[in-house]
Structures are given as structure tokens and as C-alpha cells.
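Let's take a walk through this protein together, one piece at a time.

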Amino acid sequence: MTRNIDLNSDLGEGYGAWTMGDDATMLGIVSSANVACGFHAGDPLTILATVREAAARGVAVGAHVSYPDRVGFGRRPMDVTHAELVADVIYQIGALQGICASAGTRVRYVKPHGALYNTIAVDPKQGAAVIEGIRAVDPALAMMGLAGTQILRQAAEAGLPTIAEAFADRAYRPDGQLVSRREAGAVLHDPEAVAARMLRLATEGEIEAADGSTLRLRADSICVHGDSPGAVAMAARIREALLAGGIAIAPATGGAA
């Protein structure tokens, strides 16, 4: 039996005259697009163009919700109230749902971005706010989160389908957390090494941590950041390696954590 795995990327992050990444080419490689909702990046026209292209290519669309932090690209932790975070999540999903409807597609899942993603991996209070926001819009939406973390169990307990995600271009700590971008070696750049790393993850459920130890990890989806240098080439090489290794590329449907 051929195993499926999802390949996703963060897209729609351009703003006005400023472009970020090669969304059109990336949409020909990935099976899911995490589309910015305007809080950390993305303007309405850029988001609409990305969603239309995703719909035309049959790529699944996810809401890439964030703290309201354009200046910091959503990478700065925020001490927001429960009510504020719930409302922020509802607002962003709702905006993307409207754009998706106009493009003949729909939001299939929600993936928090940047600091929000990292915070809810370890903070059940903010995690509860994000889950409440998703459920308030549509409890059938899947929640994508870092593989092996408590947020996926928390979401599943609240009744949400879940998608466990691994990062192709990020180094891992032995405890399964990502190495901070503030540390040397946090971002991986060699397409061949990354492709081999992701094939091992998909076929053996293992990945090498930054200290050389072996980390067991079950992932439904692999992320390649669209704004990283060489992102398109890296995503293409990962896709080639997975297909050559007998792994099919398809959107994740969401299941229990």
C-alpha cells in the first residue's frame, strides 16, 4: 500500500509592491497552501491571486492565522487575552473563507503562523483560544500543528481533526521542538540533504535531531517555507525524492492526534 503525505508551503505573503517567494511555481509542487490572512503578511489582492491559483491547480487551502504583527512578520510572541485571540482567529478564517468562496474553493484547515504556532505548541491557554476560534467558524476544519506536541492532542480532545506537521528546512531539538531561528543552524539549506531527511521521515518515521540523536516523529504533512532562499528548488527536490521512494503527495485529510 502506497503511503500518502502532504507537502505544504506558506504562501500569499506578498504585500502591495513587495513580493515574497514564487507562489505560482510553488503551487505547482505542493499539495496544500497555507495562505496568509493579512495579520502577519498578505494584502487582499495578493491573497486572492494566490487562492485563485491554488484552486486552479487543485491545491488545498489552509488559513495561516497569526498574531496581528506585520512589522514583526508574526514572529514576535504576544500576551493577548483569550477573547482577543479568539476574535483574531475568527476574523482571519472568515476573511479567507470569503476569498475562497469567490475563487470556487474553501478553507480546509487552519495552521497558526510563526510565534503563535510555537506558543500554542506549549501553552494550552492560548491553544484553547485558537481552538475555540476555529470551532466557532467551523468545527469540521482541521488544525495543523507541530508533530508530537500537546496542541494536537488538545485540538483532538476538543473535537477538531488534526494534521501533524514536520518542517523540511528546520533543525529539531531532541525533544521534538524546533531549534530557535535565533540559533545557528536553525534553518537548513542543502536541498539534497533535506530531501533525504524527509524521505527517511516519510518511510521510517525518524529524523535526526540537531545533537545527532534520532527522533521518532509521525507526520501527515511536510512544510517548506515559501520565503526561504531556494525554497522552490528545495520543495521540488523533496517532491522528487518522495515520489521516487514510493510516497504519494496528496492533501492531508485530518485525523485523531
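Start with strands E4 and E5 (residues 142–146): they pair in the parallel sense over two bridges. Keep in mind that this is a predicted model.

Strand E3 (residues 60–64) runs parallel to E4 (residues 107–110), and three bridges join them. Here Tyr109 turns up again, this time with Gly62 standing opposite. To get from E3 to E4, follow the chain through helix H3 (residues 82–102): the three pieces make a right-handed β-α-β unit.

Go back to E5 and look at its pairing with E6. These two also pair in the parallel sense, over four bridges, and Leu146 stands opposite Glu165 in E6. Another right-handed β-α-β unit is found here, made of E5, helix H6 (residues 150–157) and E6. How many of E5's five residues are buried? Five of the five are, so E5 counts as mostly covered, with buried meaning under 20% relative accessible area.

Is Gln177 buried or exposed? Gln177 is buried, because its relative accessible area is 18%, and the cut-off for buried is under 20%. Its contacts, leaving out residues up to four places away in sequence, are Ala121, Val122, Leu146, Thr149, Ala171 and Tyr172. So you meet Leu146 again, as a contact of Gln177.

For a contrasting spot, find Gly246 in the loop between helix H8 (231–244) and strand E10 (247–249). Gly246 counts as partly exposed, at 39% relative accessibility. Gly246 and Arg3 are 243 residues apart along the chain, yet their C-alpha atoms are separated by 7.5 Å.

Finally, let's look at empty space. Rolling a probe the size of a water molecule over the atoms shows where such space is left. The largest pocket holds about 580 Å³. Its lining has 23 residues, with Gly114, Ala115, Asn118, Arg170 and Arg181 lying nearest the centre. Which helix gives the most to this lining? That would be helix H4 (residues 114–120), with five residues. Sorted by class, the lining has eight nonpolar, eight polar and seven charged residues.

Notes. Residues are numbered from 1 along each chain as its sequence is written. This is a predicted model: local features need pLDDT of at least 70, side-chain atom pairs count only at pLDDT 80 or more; totals for chains, interfaces and linings use all residues. Side-chain values use heavy atoms; hydrogens and water are left out. Two strands pair if DSSP finds at least two bridges between them. A crossover is right-handed if, with the strands pointing away from the viewer, the path from the first strand over the helix to the second runs clockwise. Buried means under 20% relative accessible area, exposed over 50%, partly exposed in between (1.4 Å probe, protein chains only). Contact means heavy atoms within 4.5 Å. On a 1 Å grid over the protein atoms alone, a cavity is a set of points where a 1.4 Å probe fits but cannot get out, and a pocket is an open set with protein on both sides within 12 Å along at least five of seven lines; lining residues have an atom within 4 Å of a point. Grid points are joined across faces, edges and corners, and a volume is the space filled by probe spheres set on the points. Ala, Val, Leu, Ile, Met, Phe, Trp, Tyr, Cys and Pro count as nonpolar, Asp, Glu, Lys and Arg as charged, and the others, Gly among them, as polar.
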